[in-house]
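Hi,

Here is the structure I promised to pass on. Have a look, and my notes on it follow below.

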Amino acid sequence: MNIENTGVKIDPFMKIPSLGVGAISQVNVGIDFKDTLQPAKFSVSCNLGQFPCKIQPNVGELLTPFVMDETDFDVQKGKLSGMHENSGSFSNPNLAVHSISEKVSDTASLSLCFSTESNTLKFSAKTISKGQLLLLTVNVASTIVVTVNSESVVFGSMILKNITAALS
């Protein structure tokens, strides 16, 4: 296996010494994307030559759910305003709150925080490598407003794009 230097860390996987005709073998590849959206590039070698591989991470999979209560959520959101905040809105295509929660969870690894505000969903997560906080607020009415507050401006804008696409 040859690894290209793309800023990600790939743990070498076990070499397969021999593979018969029609045989199948599986190995696990550990990849630390280091909180970037850069693809992991490597090549797999065999007697027929080298075959390039590229694995592109989904930004939602670079997060890990982070449980917090509403008070902490609101305090942290206040700290992550300004350039750390991205928002977008669109007409509600008749989505119920539970459907929105499900679609958000399918798009990114986020933890649903309890919210006392009606028709408001709050989610939290941290990036896997650096532990940077990401908060997502969805206000549901005839117009859906999605707001992302994140220490990582790039992550915030990408999550907003993905969540908005999933909901509209």
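E70, D74, E117 and K122 are joined in a network of salt bridges (a side-chain nitrogen of Lys or Arg within 4 Å of a carboxyl oxygen of Asp or Glu). Bear in mind that this is a predicted model: local features need pLDDT of at least 70, side-chain atom pairs count only at pLDDT 80 or more, and totals for chains, interfaces and linings use all residues. Residues are numbered from 1 along each chain as its sequence is written, and side-chain values use heavy atoms, leaving out hydrogens and water.

K122 is buried at 2% relative accessibility, while E117 is partly exposed at 38% (buried is under 20% relative accessible area, exposed over 50%, partly exposed in between, with a 1.4 Å probe and protein chains only).

The count comes to 4 salt bridges. One of them is K9 with D11, at 3.5 Å; K9 is partly exposed at 45%, and so is D11 at 35%.

The other spot to check is S150, in strand β11 (residues 143–150). S150 is buried, at 2%. Leaving aside neighbours within four places in sequence, S150 is in contact (heavy atoms within 4.5 Å) with L80, H84, L133, L134, F155 and G156.

Cheers

Technical notes
Helix = DSSP H or I, 4+ residues; strand = E, 2+ residues; numbered from the N terminus.
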